[in-house]
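Thanks for coming, everyone. I have one structure to walk through today. Please look at the screen.

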Amino acid sequence: MLLLGCIKEVSDYELVISLPNGLSGFVPVTQISDAYSKMLTKQVAQGELLEDLNSLSDMYSPGTLVRCIVTSVEKSADGRRSIKLSIDPKKVNKGLNASALASGMLLSGFVSSVEDHGYLIDIGVSGTHAFLPRQKAQNYIKAGKRGPDLKIGQNLNCVIVEVKNEGRVVRLSVDRSEVAASLATERQNWTLSNLLPGLVVKARVQKVAPLGIKMSFLSSFTGIVDFMHTDPEKSMNYSPDQVMKACILSIHPTSKVVRLTLRQAFLNPGGSPNQLSNDRLGAVVEESTVKAFYKPFGAVFELDDGTLAFARLKHLSKNRKSFKPGAFKTGCKHKCRIIDYSLMDEMCIISLKYQIIEARFLQYQDIHTGDVVQGKVFALKPIGMQVKVTNVIKGLVPSMHLADVILKQPEKKYSIGDEVRCRVLECNPAGKKLILTLKKSLVQSKLPVLSNYEDAKPGLITHGFVVCAREFGCIVKFYNDVKGLVPKNELSAEPISCPDKVFHEGQVVKVMVLKCEPQQERLLLSFRLSSKPAPEDKKECTPKKKQEVKYQIGEMVDVKVLKKKDNGLKVSVLEDEGNVIASIPTVHLSDFVANCKLLWHCLQEGDVLPRVMCLSDKGEHIILSRKSAVISAVQEEQVVRSFSEIQPGMLLTGYVRNVMPFGVFVEFPFGVTGLAPKVSMSDKFVTDTKDHFVVGQTVIAKVTSIDEEKQRVLLNLKVSECSSGNSAAESFALLNQYFKEVKEIRNLLRRRGEPSMAQGLCELLPGKELQLVVQDVKEDGSALFSGSCVTGLTVTATRYHLGDKNIVPGYKTKALVLHVDALTSKVYVSLREELLKQRAKQNSLSQFLSSGSQRTPSTLPSCST
């Protein structure tokens with residue numbers, strides 16, 4: 001069976017693929033392409049790394065659409081089915097032959113060789129040589145930011161540009177605009193035997209039913225769109241003979257049933273579906289509303305943020321006997337938990353089961369080193385015992401950790417199905433790796449958990465276990481692979497001549513930290529708990545004082561809001577809660593000045609802000625920042641740490657420190673400051689500097705000159721000079737970040753505001769059409785409106801946006817939302833016919849926002865879509 005899938009996770013040895021209808025599959029590293037498999041075989045044979053062999057994570061990233069073929073469906077030991085897939089073009093495109101190839105076809109291909117003038121592409125068609133000229137790949141390479149060349153084994157969406165010698169030679173293009181515009185047509189002579197998922201076609205509605213739509217395409221083919229793949233914005237507003245774009249999702253090899261999708265994310269080849277924010281996965285939603293119930297399958301819900309979610313039938317109740325269909329009528333509300341996200345369906349997968357909603361752990365990310373967990377034994381192997389914590393989370397108890405002493409026959413102590421209480425030694429969510437211990441001394445220990453070298457302060461007493469005993473002493477291991485040395489003279493108060501006869505591997509011991517060098521990962525320990533730390537370390541043993549805690553610039557911390565001040569937030573660093581107090585200035589809450597004010601307004605004492613960056617640490621005065629652009633610049637090392645590192649031509653991300661009549665002072669992370677003179681501030685003529693920039697505004701500046709003698713830096717802030725070359729990508733990244741923050745603000749408003757007003761503000765998105773009544777017409781020509789959907793809000797339209805309409809109080813009219821000011825509860829609307837007809841298209845808004853200068857971050861609307 002051929003399917004369109006989306007990469008969900010990438011590991012060293014496989015790709016996890018999201019499939020339609022909430023399913024997942026796995027592509028082993030050997031099922032990428034012939035060229036990549038040959039390189040893997042060569043590397044194994046030689047026993048050394050090949051320079052031109054790239055890892056899967058170097059070539060693939062989550063969110064990428066790929067064509068797959070099902071190779072097998074296997075049943076695992078715990079009864080769960082596992083779908084094995086291949087993306088090898090020889091299998092995916094096996095229905096194609098050289099004579100069937102035609103110009104305009106969209107195919108999957110893989111780079112098999114890098115040549116001087118381009119790339120040889122494996123499209124899986126026997127007897128055909130496919131070539132991709134270098135100039136046709138340049139834009140794709142630049143946008144991908146994965147180096148100067150395509151990589152062998154890299155998956156590509158290719159459009160056939162030219163066919164020669166009856167299909168024996170074809171020339172390809174991967175240009176994003178050409179791929180996005182590709183459309184499968186009758187002229188390309190597609191047949192049911194070679195039809196491919198991912199093709200976009202013009203389809204005609206034949207029949208509309210509650211569970212989906214039947215459509216015809218390419219003259220003689222028919223396909224089905226199920227209820228999960230209709231466009232959610234159009235709901236069921238489809239009618240027979242309606243023509244629209246559709247994308248092929250799957251083709252069944254025997255029944256020849258073709259399934260389609262009408263979701264916008266799939267209608268432009270080369271695009272990617274919407275993804276779920278990581279902090280939403282596992283979230284409990286107190287009230288989700290039933291949108292539709294489909295008896296054989298499950299129910300579609302609307303969550304508190306307006307997104308759609310799907311619950312399978314088995315997740316609607318504890319068991320079949322307790323299931324009550326009447327509880328799932330449209331409009332009914334239920335408590336649920338987000339347990340997964342289907343990229344291919346662009347829907348959250350939820351469960352209404354009480355035991356899942358109340359579960360402590362749902363995914364590997366929920367488990368932390370040192371946690372005590374309950375599990376069930378499901379396999380005994382030579383390397384240890386496998387324990388199932390949940391249906392999804394599984395861990396390994398190494399043989400050494402099955403008990404306080406080494407067990408020679410663990411099967412006599414443990415049986416399959418036994419309930420066990422373990423402690424987490426190590427958890428790697430990315431690799432889905434969970435290492436546990438059953439040593440009672442560790443599981444029941446009340447001493448602090450030592451999981452990183454930074455926490456190993458002199459004088460700390462904790463439990464560990466011996467991994468090595470030699471004549472020089474013992475090596476003791478803790479959590480997260482932290483280990484240290486107990487030298488021979490610290491093993492006991494009495495001399496021990498042969499430590500290996502006193503201490504054994506796996507023995508749980510209580511130790512005291514004498515000295516630690518975190519950067520070198522060196523740890524000196526003692527079994528003599530009455531020993532005193534070295535004199536120079538005494539200061540470190542005393543309770544933490546605010547001025548003694550140091551954070552590096554660029555270090556990320558989680559904080560809790562303690563108090564709101566006029567100029568920002570007073571916060572406490574969570575890992576040192578109560579000891580380390582810091583502040584986040586209002587202007588550092590966001591890259592967008594309008595959002596800064598809104599976030600300050602919405603946040604309350606007790607709120608937790610994750611991943612905030614340390615901007616400066618001067619004793620008791622720690623300044624933090626949430627500016628995403630500044631954080632990215634520091635993490636990607638696009639910064640200068642001192643004046644000596646500055647070079648003319650550099651592009652640096654910073655923030656406005658001061659606006660003067662003669663120019664703008666810009667500060668960068670690590671304290672370097674520069675001046676942008678009035679003539680270098682904007683592409684437009686500058687009369688008043690305050691009309692162009694505000695204090696705290698995030699900017700990208702280009703270094704024009706440096707004066708080493710006076711330690712002075714001159715900058716240029718003109719947009720035309722400060723682009724890195726891909727202005728479109730930069731603009732969309734900026735907009736994407738802005739909209740994420742606005743979504744966060746809307747959620748805060750929902751929870752914090754007065755129910756009616758907050759709900760009204762959150763639902764009034766720019767582009768929404770309203771039915772309003774004129775309340776008053778002012779002397780300046782502007783008008784005030786009222787309506788049931790804007791209760792408690794001030795709704796106004798300027799004279800220009802009244803258009804040609806002659807309005808009087810009581811006049812009923814349609815209006816389009818232009819802008820929502822959440823701080824003042826004001827809504828600005830327009831009655832102009834040309835805007836009402838356009839229905840505020842997204843691209844119009846994007847063009848309007850991206851056409852501005854560097855003032856854009858401070859002038860974006862304060863509440864948007």
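Let me start with what counts as a patch: patches are made of residues with over 30% relative accessible area and no salt bridge, where like charges are joined within 9 Å and nonpolar side chains (Val, Leu, Ile, Met, Phe, Trp, Tyr) within 5 Å. Accessible areas come from the Shrake-Rupley method with a 1.4 Å probe, and for residues only the protein chains shown count as cover. A salt bridge is a side-chain nitrogen of Lys or Arg within 4 Å of a carboxyl oxygen of Asp or Glu.

Two quick notes on the source. This is a predicted model, in which local features need pLDDT of at least 70 and side-chain atom pairs count only at pLDDT 80 or more, while totals for chains, interfaces and linings use all residues. Residues are numbered from 1 along each chain as its sequence is written, and side-chain values use heavy atoms, with hydrogens and water left out.

Now the patch. Which residues form the nonpolar patch on the surface? They are Phe472, Leu485 and Leu524, and together they have about 220 Å² of accessible area. Leu524 sits in strand β30, residues 522–526. Helices (H or I, at least four residues) and strands (E, at least two) are DSSP runs, numbered from the N terminus. Leu524 is partly exposed, at 30% relative accessible area. For that scale, buried means under 20% relative accessible area, exposed means over 50%, and partly exposed is in between (1.4 Å probe, protein chains only).

Next, the barrels. Strands of a sheet pair through backbone hydrogen bonds, either parallel or antiparallel. Here, two strands count as paired if DSSP finds at least two bridges between them.

One closed barrel has five strands, in the order β6-β7-β8-β10-β9, with mixed pairing. From one strand to the next, the twist averages 50°. Axes are lines fitted to C-alpha atoms, for helices over the stretch in contact, and angles run from 0 to 180 degrees between N-to-C directions. Take strand β6 (residues 106–114) and strand β9 (residues 155–164): they pair antiparallel over five bridges. Gly109 has Leu156 in β9 as its bridge partner.

Stay with β9 for a moment. Glu166 lies in the loop between β9 and β10 (169–173). Glu166 is not a glycine, yet its phi is positive, about 55°. Is Glu166 buried or exposed? Exposed, at 67% relative accessibility.

Another five strands close into a barrel, in the order β41-β42-β43-β45-β44, again with mixed pairing. The twist there averages 55° from one strand to the next. Strand β41 (residues 769–777) pairs antiparallel with strand β42 (residues 783–786) over four bridges. Val774 is opposite Phe785 in β42. Asp776 is opposite Leu784 in β42. Five residues lie between the strands of this β41 and β42 hairpin, and Gly781 takes a positive phi near 95°. On to strand β43 (residues 794–797): β42 joins it antiparallel through three bridges. Leu784 faces Thr796 in β43.

Now a helix. In α11 (residues 628–635), the residues Val630, Ile631, Ala633 and Val634 are buried. Down the axis of α11, the buried residues fall within an arc of 160°, so they line one face of the helix. That arc is taken from the directions from the helix axis to the C-beta atoms. Glu637 follows α11, with a positive phi near 60°.

One more backbone note. Arg611, in strand β34 (residues 608–618), is not a glycine but has a positive phi near 50°. Arg611 is exposed, at 51% relative accessible area.

Last topic: charges. How many salt bridges does the structure hold? It holds 22.

Arg171 meets Glu162 at 3.2 Å, N to O. Arg171 is partly exposed at 31%, and Glu162 is partly exposed at 28%.

Arg263 pairs with Glu346, with the closest N and O atoms 3.4 Å apart. Arg263 lies in the loop between β15 (258–261) and β16 (284–294), and Glu346 in the loop between β19 (333–342) and β20 (347–351), so the pair ties together parts that are 83 residues apart in sequence. Arg263 is buried at 5%. Glu346 is buried too, at 13%.

Finally, Asp34, Lys90 and Asp122 are linked in a network of salt bridges. That's my tour.
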